[in-house]
Every structure is written in structure tokens, then in C-alpha cells.
Amino acid sequence: MAATIQGDVGVDNLFPAIGQSFVVILIGYVFGRFRIVEPSEARSISVLVGKLALPALLFKNLAILDLVSVSWRFLASILIAKFSIFLLVTVISYIVIRPWNIGKAGLYGIFTTQSNDFALGLPIGTVK
Amino acid sequence: MPLSVRALYGKNYVPGKFYYYSYIYLVAPVSLLIINPLGFFMLEYSKQVRDRSRSVCRQLPALMLRTFRGVVLNPIIFMTVAGVITNVFLMYVIKQPFPDWLGGFLDILGGAYSLCALFSIGIFMVGKIKAVSGKILLVCCLLIVAKRSVLLVIGYIVCS
């Protein structure tokens, strides 16, 4: 294990963390490509992740979180920004795409706001 | 999972203390709770319109109920809400810390998350690389660039 840094924010540790996460993704790809794990079986891993591991993680971390220090203004501003982007993209897509398709507009809206917070953000923050 | 904030914070990590990084737990589920249901509702609506174009208005309440139920029963949303409620309950109602036995159990479950999430991202990419044609890729790139830049600007404006 690499030596831990003394003191605060270590951006030096960030790039290794990102790199390590991407290596795991690559390993997943290699396993699927060479049929070490059948891609059709991979669905069960995502069920394990989405229905067991992630909810447990969320529950525990939210339950022990110090709610007093949350800057609700900051949170609100992030959410306002996200929501306005969603509206903007949805409305523009609805107007631009012919034939009229509200489903596609909604889908593009989700694309632009759905960020991979949990899938990439949590593991990256998790690397020691 | 807790100890992992080392990548960003070095050794000064205290479990439960609020870091900027902790916002990840709050932002994502809330956006899932509000924005995604709207999008899914639009998708379902357009699907209904395509199937039978006349009686859609009458089915609106049923559609909304279906979307709503899908959202509320989603384990991620459900556990987020449960976590916050538990937090408030533990801190203000009974004034006890989080029980160790439960914490240990949840740590076991949550510990698998990093490996399995990243691994499944990788394995889902198999075979999908050829399926993405030029036009779709262009649309995706445009959306991503727009999202990043506009989100940054709006976020900055709203915050200051």
C-alpha cells in the first residue's frame, strides 16, 4: 500500500485513484471479452450492486452523516442547476426533433442530468 | 467505504463528519427522485401515445401512479430516504449513536460495491463498442459537453 500523505487535500492521490478505478473497468471488459465471465451472467452482478451493496452503503453513510454541517444552500443550488439543465434540454429536444416525440426529449434530459455519481464517484473516493 | 476519502483528504478522515465529498450521497438520489421520474413519465407517455392514440388522457392517472410506484420501490431511493429518516431519528429523537452491529453488517454489504460496480461497467462494454454509430456518438458528445459546461456555469452563478 502506498505511503499515506500527511495533511490535507491530496490531488496527487487523485490521479492514481482514477487510474486504479479504470484498471478495474478494463479488467471487467477483458473478463467479458474473453468469456471468463459470460456477459449474460454479468446482469446478476449488477443486481447485487444495485439492490444490495449500494442501498446498504447509502443507508449507512446517510445514517451516520452529520446533517448539521450540510450547507442546504449549496445543495439547493446544485439541484436548481441540474433541474434547469434538464428543462432546457428537454424543451429544446422536443422542439428540434421531428416527428414530435416527447419520449426522446425526456430521455435526452435524463442523459444530461444523470451523472455517474455512484458508479464512478464512490469507488474513486474509496481508493486508499 | 468511509476510510476511502483518503484519496482526497489524506489522513484527516473522521467517519460521519461532513466533507464536501459527502454531498455525493445527497445530490444523486435527489436528482434521481425528481428528474428521472419526470423523464420516465415522458417516455411512458410517448409509448402510450404510439400504441393507442385516443384514450391516453384517461390513462394519465394510472401512468403517473405506475411511474411513482416504480420510483418509490427503487431500493436506492428507498434506502436514501430510510437513511435520512434513521439519521434524524437517532440524532434527535433517541439521541443514540449508530449501533455497531448494524454498522458492521452494512459495511460488509457495502464493501463489495467498488469492485462490483466498476467490474460491471467494464463487462457491459463488451460488444457495445461496435454498436455505436457516428451519428449517435456525435449526439452523445454534444450532450456531454453541453452538460458539463452549462452545469458549471449555472452552478457557479447560483452559488455566488
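The questions concern a predicted model and go from single residues to the contact between the chains.

Q: Why is S46(B) called buried?
A: S46(B) has a relative accessibility of 9%. Buried means under 20%, so S46(B) counts as buried. The residue sits in helix α2 of chain B.

Q: What does S46(B) touch, leaving out residues up to four places away in sequence?
A: With those left out, S46(B) touches N101(A), I102(A) and G103(A). Contact here means heavy atoms within 4.5 Å.

Q: What makes the pair S46(B) and L43(B) a polar contact?
A: A polar atom of the S46(B) side chain lies 3.1 Å from the backbone oxygen of L43(B). The cut-off for a pair of N or O atoms is 3.5 Å, and the value of 3.1 Å is therefore within 3.5 Å.

Q: How do you know that the length of α4(A) agrees with that of a helix?
A: Helix α4 of chain A covers residues 102-113, which is 12 residues. The expected span is 1.5 Å times one less than the number of residues, so α4(A) should span 16 Å. The C-alpha atoms at its ends are 17 Å apart, which agrees.

Q: What makes N101(A) a cap of α4(A)?
A: A side-chain oxygen of N101(A) lies 3.0 Å from the backbone nitrogen of G103(A), at the N-terminal end of the helix. The limit for such an N and O pair is 3.5 Å, so the value of 3.0 Å passes.

Q: Which residues of α4(A) are buried, and what covers them?
A: The buried ones include G103(A), A105(A), G106(A), Y108(A) and I110(A). Their cover includes α3 (72-96) of chain A, and from chain B α2 (23-51) and α7 (134-159).

Q: Why is L48(A) called partly exposed?
A: Its relative accessible area is 40%. Buried would need under 20% and exposed over 50%, so L48(A) is partly exposed. L48(A) lies in helix α2 of chain A and, leaving out residues up to four places away in sequence, touches A53(A) and C116(B).

Q: What makes the phi of R35(A) worth a remark?
A: R35(A) has a positive phi of about 60° although it is not a glycine. Most residues other than glycine have a negative phi. R35(A) is in the loop between α1 and α2 of chain A. Its relative accessible area is 51%, and exposed means over 50%, so R35(A) is exposed.

Q: Where is K95(B), and why is it called exposed?
A: K95(B) is in the loop between α4 and α5 (100-111) of chain B. Its relative accessibility is 62% against a cut-off of over 50%, so K95(B) counts as exposed. Phi of K95(B) is near 55°, a positive value in a residue other than glycine.

Q: What makes a group of residues a nonpolar core, and which residues have the most contacts inside the largest one?
A: Its members are buried residues of the nonpolar kinds, joined through side-chain atoms within 4.5 Å. The largest such core has 31 residues, and those with the most contacts inside it are L54(A), F118(A), L122(A), Y25(B), L26(B) and Y113(B). Two or more residues each come from α2 (42-64) and α5 (117-126) of chain A and from α2, α4 (75-93) and α6 (113-124) of chain B. With 8 residues, α2(A) gives the most. A second, separate core has 6 residues, among them A56(A), A63(A), F98(B) and L106(B).

Q: Why is the pair K60(A) and D107(B) called a salt bridge?
A: The closest N and O atoms of K60(A) and D107(B) are 3.1 Å apart. The cut-off is 4 Å, so the pair qualifies as a salt bridge. The count between chain A and chain B is 1 salt bridge, and the rule finds 3 residue pairs in polar contact across the interface, both residues at pLDDT 80 or more.

Q: How many residues make up the contact between the chains, and what area is buried?
A: Chain A contributes 88 residues and chain B 79 residues. The two bury about 7800 Å² between them, 78% of it on carbon and sulfur atoms. Of the area that chain A buries against chain B, F59(A), K60(A) and L62(A) supply 9%, more than any other three residues.

Terms used:
Residues are numbered from 1 along each chain as its sequence is written. Chains are lettered from A and ligands numbered from 1 in the order in which they are written. This is a predicted model: local features need pLDDT of at least 70, side-chain atom pairs count only at pLDDT 80 or more; totals for chains, interfaces and linings use all residues. Side-chain values use heavy atoms; hydrogens and water are left out. Helices (H or I, at least four residues) and strands (E, at least two) are DSSP runs, numbered from the N terminus. Buried means under 20% relative accessible area, exposed over 50%, partly exposed in between (1.4 Å probe, protein chains only). A polar contact is a pair of N or O atoms within 3.5 Å; within protein, one must be able to donate a hydrogen and the other to accept it, and residues adjacent in sequence count only if both atoms are side-chain atoms. Buried area is the accessible area (1.4 Å probe) that two parts lose on being put together, summed over both. A salt bridge is a side-chain nitrogen of Lys or Arg within 4 Å of a carboxyl oxygen of Asp or Glu.
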